[in-house]
Amino acid sequence: MPFDRRIRIAPSILSADFADFGREIRAVEDQGADWVHVDVMDGHFVPNLTFGPPAVAAFRRHVTTVMDVHLMIAPVDPWIEAYAKAGADILTAHVEAGPHIHRTLQAIRGAGMKAGVALNPGTPAEAVAHLLDLADLVCVMTVNPGFGGQKFIDMSGKVRALRVMIGDRPIHIEIDGGMDPATAPLMAAAGADVLVAGSAVFRGGSVADPAPYGANIRAIRAAAEAAV
Ligand code: DX5
Ligand code: ZN
């Protein structure tokens, strides 16, 4: 089966109501989310703190699509098994999180998950050149990781370079940070296929009134698809 590079929208629950994750996850899935993006922060690799394996295991019970777990933590390796047990489908580690990213990606796949590698805005595409055969996803950060709602940093050149480096390999290019109907087309045109969006999906809606989530998802998807 050919690798499916259609546009996927992955709402980040960093922008959800933290007291109501189960219903928030079900609401964005009902409203058309392709994946659910889970931002794990440790207050050390990034200057913010979110949740760990027990919370992620609890989210799993509500996710029926794909649970895409983005680790903004260092070190990564001691935690891989815990996130596999928590039910992550995709586990993404930052190339900047330590000197042994190659080993980390092997361990993620070894634990039965798809392996993602993330690049901060200041890190060049070449940082993953020797990792592509170990990766199922490359995440290009278009903000400095740590917080939702930040201003988009244009990484079109990096995405284009990655698209060429990846060639025919079955690897997703995911964009994370500042995705909305104005910025998503730039990234889709450059070759991205998975668009993470937090504030631009959750704005205007709630579990009591989830229709705006659907309208927001459709607006981002339509803008991105029109650019491909
Ligand atoms: C940032 C996180 C993102 C964040 C995106 O560190 O990795 O996933 O939730 O939020 P928005 O879409 O609001 O920029
Ligand atoms: Zn993220």
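This is a predicted model: local features need pLDDT of at least 70, side-chain atom pairs count only at pLDDT 80 or more; totals for chains, interfaces and linings use all residues.
The zinc ion (ligand 2) is held by His37, Asp39, His70 and Asp176, and the arrangement of its donor atoms is octahedral. Ligand 1 is surrounded by 20 residues, and the protein buries 100% of the area that this ligand exposes when taken alone.

**The zinc site**

- The zinc ion (ligand 2) is coordinated through NE2 of His37, ND1 of His70 and the OD atoms of Asp39 and Asp176, at 2.0 to 2.3 Å.
- The arrangement counts as octahedral because the 6 donor atoms around the zinc ion (ligand 2) subtend angles of 69 to 168°; for six octahedral donors the ideal angles are 90 or 180 degrees.
- Along the chain, the donors of the zinc ion (ligand 2) follow the spacing H-x1-D-x30-H-x105-D.
- Histidine 37 belongs to strand 2 (residues 36-41) and histidine 70 to strand 3 (residues 67-72), so this pair ties together parts that are 33 residues apart in sequence.
- Both of these histidines are covered by protein: histidine 37 is buried at a relative accessible area of 0%, and histidine 70 is buried at 1%.

- An N or O atom in the side chain of aspartate 176 lies 2.6 Å from an oxygen atom of ligand 1.
- Backbone atoms also approach the ligand, with a polar backbone atom of glycine 149 at 2.7 Å from an oxygen atom of ligand 1 and a backbone N or O atom of glycine 198 at 2.7 Å from an oxygen atom of ligand 1.
- Taken alone, ligand 1 exposes 380 Å², of which the protein buries 100%.

**The loop between strand 6 and helix 5**

- Leaving aside residues up to four places away in sequence, glycine 146 touches Met41, Val46, Asn48 and Met72, while its C-alpha atom is 9.3 Å from that of valine 40, a residue 106 places away along the chain.
- Proline 145 lies in the loop between strand 6 and helix 5 (156-166) and is buried, with a relative accessibility of 11%.
- The C-alpha atoms of proline 145 and methionine 72 are 7.4 Å apart, although the two residues are separated by 73 residues in sequence.
- Beyond its neighbours within four places in sequence, proline 145 is in contact with Val46, Pro47, Met72, His94, Asn120 and Pro121.

- Asparagine 120 is found in the loop between strand 5 (114-119) and strand 6 (137-141), where its relative accessible area of 15% makes it buried.
- The side chains of asparagine 120 and histidine 94 are joined by a polar contact of 3.4 Å.
- Not counting residues up to four places away in sequence, asparagine 120 touches Phe45, His94, Glu96, Met141, Pro145 and Lys158.
- Proline 75 sits in the loop between strand 3 and helix 3 (80-86), and the peptide bond that joins alanine 74 to proline 75 is cis, with omega about -5°; most peptide bonds are trans.

**Helix 1 and its end**

- Helix 1 (residues 21-30) is mostly covered, with 7 of its 10 residues buried, namely Phe21, Gly22, Glu24, Ile25, Ala27, Val28 and Glu29.
- These buried residues of helix 1 pack against strand 1 (8-11), strand 2, helix 2 (53-60), helix 7 (199-202) and helix 8 (211-227).
- Glycine 32, which follows helix 1, has a positive phi, near 110°.

**Aspartate 180**

- Aspartate 180 is located in the loop between strand 7 (172-176) and helix 6 (184-190) and is partly exposed, with a relative accessible area of 24%.
- Apart from its neighbours within four places in sequence, aspartate 180 is in contact with Pro185, Ala200 and Ile220, and 9.2 Å separates its C-alpha atom from that of arginine 221, 41 residues away along the chain.

How values were computed:
Residues are numbered from 1 along each chain as its sequence is written. Chains are lettered from A and ligands numbered from 1 in the order in which they are written. Side-chain values use heavy atoms; hydrogens and water are left out. Donors are N, O and S atoms within 2.8 Å of the metal (3.2 Å for Na, K and Ca); water is not among the atoms, so sites may look incomplete. Four donors count as tetrahedral if all angles lie between 85 and 135 degrees; four count as square planar and six as octahedral if opposite donors are over 155 degrees apart and all others between 65 and 115; anything else is irregular. Helices (H or I, at least four residues) and strands (E, at least two) are DSSP runs, numbered from the N terminus. Buried means under 20% relative accessible area, exposed over 50%, partly exposed in between (1.4 Å probe, protein chains only). A residue is near a molecule or strand if one of its heavy atoms lies within 4 Å of it. A polar contact is a pair of N or O atoms within 3.5 Å; within protein, one must be able to donate a hydrogen and the other to accept it, and residues adjacent in sequence count only if both atoms are side-chain atoms. Accessible areas come from the Shrake-Rupley method with a 1.4 Å probe; for residues, only the protein chains shown count as cover. Contact means heavy atoms within 4.5 Å.
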